[in-house]
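Let's take a walk through this one, from the sheet to the cores and then the charged pairs. Have the structure open as you read.

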Amino acid sequence: GELVAEYASRLGACSVLATNPTNAIVHLGHHNGVVTMWSPNLSTPHARVFCHTAPLGAIAVDQAGVHMVTAALDGRVKVWDLRTYKELHAYHSVRPAHSIAISARGILAVGHGPHVEA
C-alpha cells in the first residue's frame, strides 16, 4: 500500500477504527466519545458524531453502510443510523466491549474478554 493522505484529527489519540464497506469512509473513535468520519479527499472530517461520554472501545459498520455500532468503555453499546446520525438503540453490556462485528444477516456480536454476546 501507498500513503494516500495524512491528516491530524485534533481530537487526541484515536483508539478504534472501522471502514464503511459501501463508500470507504473511515470511522475513527476517540477517547472523548466522538466518532469522526474521514475520506482522503477532504482535510476535515465529513462528520463528527458525539456518541458516548466515555472513551470508545469498538466500532463496526454493517455491510449496507447504513448502521454503525459503537461501544464505550463504560459498557454502553449504541446503534446509529448513518443517514441521519441518530441513535436507534442503546443498551448496557455486562462488561466493556473490546470488539464488535455485524454479520451479513445483521446480527450483532459484542466481544468482551473471553465472552461474546449475540
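## The sheet

Strand β1 pairs with strand β2 (residues 26-30) in the antiparallel sense, over five bridges. Strands here are DSSP runs (E, at least two residues), numbered from the N terminus, and two strands pair if DSSP finds at least two bridges between them. Within this pairing, V16 sits opposite G29 in β2.

Before going further: this is a predicted model, where local features need pLDDT of at least 70 and side-chain atom pairs count only at pLDDT 80 or more, while totals for chains, interfaces and linings use all residues. Residues are numbered from 1 along each chain as its sequence is written, and side-chain values use heavy atoms, with hydrogens and water left out.

Back to the sheet. Four strands make up an open sheet, ordered β1-β2-β3-β4, with antiparallel pairing. At its edges are β1 and β4, each of which pairs on one side only. From one strand to the next, the twist averages 20° (axes are lines fitted to C-alpha atoms, and angles run from 0 to 180 degrees between N-to-C directions).

N20 lies in the loop between β1 and β2. Is N20 buried or exposed? N20 is buried, with a relative accessible area of 4%; buried means under 20% relative accessible area, exposed over 50%, and partly exposed in between (1.4 Å probe, protein chains only). The side chains of N20 and T22 are joined by a polar contact of 2.8 Å. That term covers a pair of N or O atoms within 3.5 Å; within protein, one must be able to donate a hydrogen and the other to accept it, and residues adjacent in sequence count only if both atoms are side-chain atoms. Not counting residues up to four places away in sequence, N20 also touches I25, H27, V61, G65 and L82 (contact means heavy atoms within 4.5 Å).

In soluble globular proteins, nonpolar side chains tend to be buried together. The largest nonpolar core here has 14 residues, and V35, M37, C51, I59 and M68 have the most contacts inside it. A nonpolar core is a set of buried Ala, Val, Leu, Ile, Met, Phe, Trp, Tyr and Cys residues joined through side-chain atoms within 4.5 Å. β1 (14-19), β3 (34-38), β4 (47-50) and β5 (56-61) each supply at least two of the residues in this core, and β5 gives the most, with three. A second, separate core has ten residues, including A60, V69, V77 and A97.

G57 is in strand β5 and is buried, at 15% relative accessible area. Leaving aside neighbours within four places in sequence, G57 is in contact with V16, A71, A72, L73, A97 and H98.

## Charged pairs

There are two salt bridges in the structure, each being a side-chain nitrogen of Lys or Arg within 4 Å of a carboxyl oxygen of Asp or Glu.

| Pair | N to O distance |
|---|---|
| K78 and E87 | 3.7 Å |
| D81 and R83 | 3.0 Å |

K78 counts as buried at 14% relative accessibility, whereas E87 is partly exposed at 39%. As for the other pair, D81 counts as buried at 9% and R83 is exposed at 61%.
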